[in-house]
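Hello,

I am handing over the structure below. My notes on what was found follow it.

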Amino acid sequence: MESEQMGRDALELVLESVELPKLTKKDEKEFRKRLDQHFPDLIAKLHHLYGERYDFFYYVQKLVVGLAASFVARKRKLKNRDEQRLKEPTWYRSEKMLGMALYVDLFAGDLKNLKTKIPYLQELGVNYVHLMPLYKSPEGNSDGGYAVSDYRSVDPKLGTEKDLIAVADAFNDAGISLVLDFVFNHTSDEHEWAKKAREGDPKYADFYYFFEDEKEVEEYNQTCREIFPTVRRGSFTYQDDMQKWVWTTFNSFQWDLNFSNPAVFNAITDEMLFLANIGCEGLRLDALAFIWKEKWTQCESLPKAHTLIQCFNLCLQIVAPAVQFKSEAIVHPDEVAQYIDKKECQLSYNPLMMALMWESLATRETRLLTASLKKSFEISPECSWVNYIRCHDDIGWTFDDAIAEQQGINGFDHRKFLNQFYTGRFEGSFAEGVPFQENPTTGDCRVCGSLASLAGLEKALESGDATELEYALKRVRLMNSISLSIGGIPLIYQGDELGMLNDHSYLQDEHKRDDSRWVNRPYITDEAVKLATDGVSPQARIHDELKQMIRIRQNSPVFGIANTEILETYQPHLFAYIRAHDNGDKMLAICNFSEQGQRVPLSICDALGTREVEDILQGKIADYGDEIVLDAYDVLWLKAVS
Ligand code: OTU
């Protein structure tokens, strides 16, 4: 290819015009090999982003020097891991993978103590841990750490950089992959770059988006979505001292970085590689949809946002190829799919499935879930979903309105119903949740709450109704079963494994009270663990059933690198899918989303190639006759009798 040759020529020019940090012979060879492999692609993409600038080549030179410095700084142990992971490129698709997302302080107090929790994680089967942002951030409200003041300093309340590296090492020894947040759409207004920009340093003024003219701000506001409308209307915040507007997609203290400036690309690449060199194996790309802006567009998921992420990925391939990107695109399903590619993000949250599992629980109908996943579940076999039921954020109803329309569902009205259902404004609802970011203009709203509370446990415990309690527990099991078996890394959110309920204590804290997402960020107390492990409480049933399903998952490759087909059940309340492994092994899952019993003809098992089946969840051969009968919220994992 012509451009490939141009890239190789450019690499020669870069290497002869810069002075690289000193590399050992072995490192030099390896680094050169990686450059040969990835630099032509990288410079072509960077050229697409920044090629019109007179100073383009200067920034490429600087970038390569920076990559070399990060490569030198990467410990031998991590380099060995890079080589190992390159040999097993889809390791994250294994049935052994099980994730958990947790806040260091809420889960363990601090980083030192987190190491003592490793046995707890191992006992559950967790081998992929996402630590919520733990970097230095403003006192008071820091958006749960998503306002980063320094990517290289750990929040002193959690410990030190040394403690973090010790955690990374201890995790590695325990076979746990560490995942850190890469919050690169914005920094806090206390970041060094922001401070310098505020002081008027022209270099750093270009690191963010400032506007003097309110008219321009209003023009952007016409096409951009409001993400936190209860914080502030529009996407900009006026800085009195600077007499300028600054772009703030999220909170007013989170300043969006200006990636149209190549200096920002280089600076953030350095920070990213610093995080990689701590020893993590995953970086969660926070709010990645927003990183490229163009006037008169929505400024979300623009083509150049993808080019940028691909450039970051190439830099990782050169310096730290063991590290995978996880896309946090909580957007329209077609847009979510665009980030999923070996060359962009190998992993992605699965917000569509998350939202529609809740939708099916509320409606007791599965047609939207089935139709939507039939269209969107399949992704590149080199990539993997990260399936989740709850996380630290809200639930946004991100389904495709066109598919809803085909099912006779009006998207706008349906979202309104779902919000009412999950915030207790719909009579007869089992859910106990709270609204988040109601937008008075668009009527848009999202929902927060823990898995157990949203699934009905809180209400059932309050009312003491035994049937409701049974239903709530079965709903939790149903949700967990899908996340664990449909394909992808299941990501448990801290506390949900213990059946923890909503925590309203945030209302007493002036820095949290305006952000209802805190209702689902509870302290994981010893009492909560005790309750869930006492063998008799409802919470213990949640915990035990989850563990049982995890064990089954871990022991059968059909839950790992296997194909998933979403089945049409022709039954309004049932959801079914089949997993097929290359070795011929198959598993059929059938879920009942209703409290009414359901019957399904045994012929559904023909997809397994036999009607002699065994329910591996119950561990017994099923004697179904002509029909399979499912009780309220039942789940079956069927396999051919071996
Ligand atoms: C992310 O979420 C984080 O998960 C949030 O905790 C942060 O507040 C936010 O970024 C800013 O750093 O708006 O309500 O996909 O839905 O990126 C959650 C778009 C959020 C957004 C998502 C964002």
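**Domains and ligand site**

The C-alpha centres of domain 1 and domain 3 are 26 Å apart. This is a predicted model, in which local features need pLDDT of at least 70 and side-chain atom pairs count only at pLDDT 80 or more, while totals for chains, interfaces and linings use all residues. Residues are numbered from 1 along each chain as its sequence is written, and side-chain values use heavy atoms, with hydrogens and water left out.

The chain divides into domain 1 (97-181 + 328-558), domain 2 (186-256) and domain 3 (562-640); these bounds come from an automatic or database domain assignment.

The ligand lies between domain 1 and domain 2, because both give residues to the shell around it. That shell has 18 residues, and the closest are D143, R284, D286, E328 and D393 (a residue counts if one of its heavy atoms lies within 4 Å of the ligand). By type, the shell holds seven nonpolar, three polar and eight charged residues; Asp, Glu, Lys and Arg count as charged, Ala, Val, Leu, Ile, Met, Phe, Trp, Tyr, Cys and Pro as nonpolar, and the others, Gly among them, as polar.

R284 has a polar side-chain atom 2.9 Å from a ligand oxygen atom. For H392, a polar side-chain atom is likewise 2.9 Å from an oxygen atom of the ligand.

Regards

Technical notes
A polar contact is a pair of N or O atoms within 3.5 Å; within protein, one must be able to donate a hydrogen and the other to accept it, and residues adjacent in sequence count only if both atoms are side-chain atoms.
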